[in-house]
Amino acid sequence: QPSAAQTTSNSKTNDGIDVTVIDAKPDAGFNYPYYLYAPESASNVKKPVLVEPVNSGSGSDDFNVSLDAAKRTITGGTARKISDELGLAFIVPVIPNPVSGRMYDHFIQELDVETLSISAGDLKRVDNQLLQMASDARDRLAENAIDTTEKIVLNGFSATGNFVNRFAAIHPDQVTSVTAGGINGTAILPLNKDK
């Protein structure tokens with residue numbers, strides 16, 4: 001994890017916020033950092049925060065692999081384009097995908113059932129940690145006169161497509177919309193029954 005010395009300062013650009021790394025805050029309910037960005041148009045109307053969890057492409061015990069992937073996502077990925085075009089504040093939770101120890105059978109960045117069964121340690125309930133990151137981001141955005149709604153907008157593809165798809169099913173009351181691609185036919189639809 002990055003140290004406080006590595007954290008970029010929260011500098012304001014007109015009504016927006018430059019790409020900023022927010023350190024982990026275990027006391028606030030999240031054990032990993034997240035990236036925060038808000039375009040200049042983000043403060044014009046009260047809008048939800050856009051969230052795309054990190055997808056490092058494969059498992060690694062090197063946290064910098066996830067941190068670098070998150071930086072690429074917030075600076076130039078599809079969700080960044082969505083953020084800029086819709087004027088949405090944007091966060092990328094930097095949740096790692098370790099492989100050592102018993103983690104070889106978990107796909108953390110996909111929010112699989114094994115991940116949700118983690119009952120102790122920094123990776124316990126990463127879905128709830130994401131909610132706390134979003135709450136922290138809303139507070140920081142409010143300090144910069146950027147009003148946001150309580151619900152979030154989720155975006156993801158491949159592993160993160162599965163993550164946001166599953167997250168929305170677990171926390172439907174926290175989500176305004178979800179866009180998930182590359183989920184290998186495993187879509188979870190908001191239906192009580194089919195036909």
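I started with phenylalanine 167. At 0% relative accessibility, phenylalanine 167 counts as buried (under 20% relative accessible area; exposed is over 50%, partly exposed in between; 1.4 Å probe, protein chains only). I am working on a predicted model, where local features need pLDDT of at least 70, side-chain atom pairs count only at pLDDT 80 or more, and totals for chains, interfaces and linings use all residues. Residues are numbered from 1 along each chain as its sequence is written, and side-chain values use heavy atoms, with hydrogens and water left out.

I then listed the contacts of phenylalanine 167 (heavy atoms within 4.5 Å). Leaving aside neighbours within four places in sequence, phenylalanine 167 meets Leu111, Asp127, Leu130, Leu131, Ile152, Leu154 and Val175.

Next, the core. I used nonpolar core for a set of buried Ala, Val, Leu, Ile, Met, Phe, Trp, Tyr and Cys residues joined through side-chain atoms within 4.5 Å. The largest one has 47 residues, and Ile91 and Phe167 have the most contacts inside it. Elements supplying at least two residues each include strand E5 (90-93), helix H4 (126-143), strand E6 (148-157) and helix H5 (159-170). H4 gives the most, with seven residues. Helices (H or I, at least four residues) and strands (E, at least two) are DSSP runs, numbered from the N terminus.

I went along H5. Helix H5 has twelve residues and reaches 17 Å from its first C-alpha to its last, close to the 16 Å expected at 1.5 Å a residue; the expected span is 1.5 Å times one less than the number of residues. Nine of the twelve residues of H5 are buried, so the helix is largely enclosed by the rest of the structure. Among them are Ala159, Gly161, Val164 and Ala168. The buried residues of H5 pack against H4, E6 and strand E7 (175-181).

Which aromatic rings pair? I found three aromatic pairs in the structure. Ring centres of Phe, Tyr and Trp (its six-membered ring) must lie within 6.5 Å; planes under 30 degrees apart count as stacked, over 60 as edge-to-face and the rest as tilted. Phenylalanine 30 and tyrosine 34 are edge-to-face, 5.7 Å centre to centre with 65 degrees between the planes. Phenylalanine 163 and phenylalanine 167 have ring centres 6.4 Å apart and planes at 15 degrees, so this pair is stacked. Being four residues apart in H5, phenylalanine 163 and phenylalanine 167 are separated by about one helical turn. Phenylalanine 163 is buried, with a relative accessible area of 1%.

Valine 175 is buried at 11% relative accessible area. The C-alpha atoms of valine 175 and lysine 151 are separated by 5.0 Å, though 24 residues apart along the chain.

I also checked glycine 156, in strand E6. Glycine 156 is buried, with a relative accessible area of 5%. Beyond four places in sequence, glycine 156 touches Glu52, Gly161, Val164, Thr179, Ala180 and Gly181.

Last, confidence. I read pLDDT as the predictor's confidence in each residue, from 0 to 100. The chain mean is 85, and 88% of residues reach 70 or more. Over residues 1-14, pLDDT stays under 50, and the model has 29 contacts beyond four places in sequence for them.
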